[in-house]
Amino acid sequence: MNDVQQGSAGSRKHPEMAAYQALSEAAFAKHPDTTTLPLPIAREIQEEVGRGFARGGPEMAETVERLPQVHGRYMLVRCHYPVTARPLPVLVYLHGGGWMWNSIYTHDRLIRSYAASSGLCAVAPDYSLSPDSRFPTAVEECVEFVRWLARRGAEWGLDASRLVIGGDSAGANLAVATALRLRDTGGPMPRGLLLNYGVYDSDLTRPSYRAYATGHMLTAAKMKLFWDAYAPTPEAKADPIASPLRADLAGLPPALMHVAELDVLHDENIAMAERLKAAGVATEITVYPGMLHGFLRALGHVRAAEDAVSQAGAWLKARVA
């Protein structure tokens, strides 16, 4: 699985992944189609279903919610401490959801699992969503939050000099974008990037977009919806901070990439790994056969998700040692 792989339309879903997809679709089937609803109601449904799958998982020594002032507003931040020792190194984890929905609660089990597997304090900031706040607001908030931690993280029992930024899907996009902005504006730089099936380019014409356009959790149509809400103009979509596959990636910290084989985003993830390596960034990539977009939130249902979290935990420990 550690070799870069090319997906194909003939690849088959892993049985555990297919079963989880059926559970997810059954949960959404209890509600009206979110694509036909006003955004606030669609978000409410996404949140309800997502929170349901985020239950269970590891217990934390302490979980605290805080409200630092970031980018001119109070930002809700959920902090998971896996042990009582202080100070702890930090994983800032940015949730996915097309920049448009989901939250620090829909991803709570995954974030707690990273804390448990790594020993880091996993910190989840509730960045602003689009289209209420369009590009680059979420990036600017994430940059300012990392700087806030560098200044004041000790107040929370954190060692922000040992910090990794991670995220999935749109959250992985924000993780790379945040690192690029920090690199270009004097830091502080994270020690690593944990990137899960990220969105890296606004080009929706790659072969994996055709191969997995429907029936594989994330659809091509939803990706168009997400991009149009987040970066509505051609200029915004082409900006290398919005589409970091187009950026100069030199100087970024080491990256660990976890990729779903059967995902519209598969091809741009492979391209991103190649671009990172070409830029001299130490990059490890695992493509998980038979997996769909979002498989890491199938903890407790899909063994590959457990394996990926375990691998990430060891990598995170090494990054902050």
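P188 is found in the loop between α5 (residues 170-184) and β8 (residues 192-196), where helices (H or I, at least four residues) and strands (E, at least two) are DSSP runs numbered from the N terminus. The peptide bond that joins G187 to P188 is cis, and its omega is near 5°. The structure is a predicted model, in which local features need pLDDT of at least 70 and side-chain atom pairs count only at pLDDT 80 or more, whereas totals for chains, interfaces and linings use all residues. Residues are numbered from 1 along each chain as its sequence is written, and side-chain values use heavy atoms, with hydrogens and water left out.

A cis peptide bond also leads from S130 to P131, again with omega near 5°. S130 lies in the loop between β6 (residues 121-125) and α4 (residues 137-152), and P131 is placed in the loop between β6 and α4 as well. With a relative accessible area of 1%, S130 is buried; buried denotes under 20% relative accessible area, exposed over 50%, and partly exposed the range in between (1.4 Å probe, protein chains only). When neighbours within four places in sequence are left aside, the contacts of S130 are L39, R43, G98, W99, M100, A229 and Y230, contact meaning heavy atoms within 4.5 Å. One of these residues, G98, is 32 residues from S130 in sequence, and the C-alpha atoms of the two are 8.6 Å apart in space.

Helix α3, which spans residues 108-118, is mostly covered, as nine of its 11 residues are buried. The buried positions of α3 are D108, R109, L110, I111, R112, S113, Y114, A115 and S118. Just after α3, a positive phi of about 85° is found at G119.

Positive phi values also occur in residues other than glycine. H71 has a phi near 55° and is situated in the loop between β2 (residues 69-70) and β3 (residues 73-74). Its relative accessibility is 28%, so H71 counts as partly exposed. For M217, which is not a glycine either, phi is positive at about 70°. M217 belongs to the loop between α6 (residues 207-211) and α7 (residues 220-230), and this residue counts as partly exposed because its relative accessibility is 27%.

At the level of the whole chain, the protein has 10 helices and 10 strands. Along the principal axes, the C-alpha atoms fill a box of roughly 50 × 40 × 40 Å. Of the 321 residues, 58% are buried. Among contacts between residues at least 6 apart in sequence, 78% join residues at least 24 apart.

The protein exposes about 12,200 Å², of which carbon and sulfur atoms supply 52%; accessible areas come from the Shrake-Rupley method with a 1.4 Å probe, and for residues only the protein chains shown count as cover. The mean positions of the 32 positive and 34 negative charges are 2 Å apart. In this count Lys and Arg are positive and Asp and Glu negative, while His and the chain ends are not counted; the place of a charge is NZ of Lys, CZ of Arg, CG of Asp or CD of Glu.
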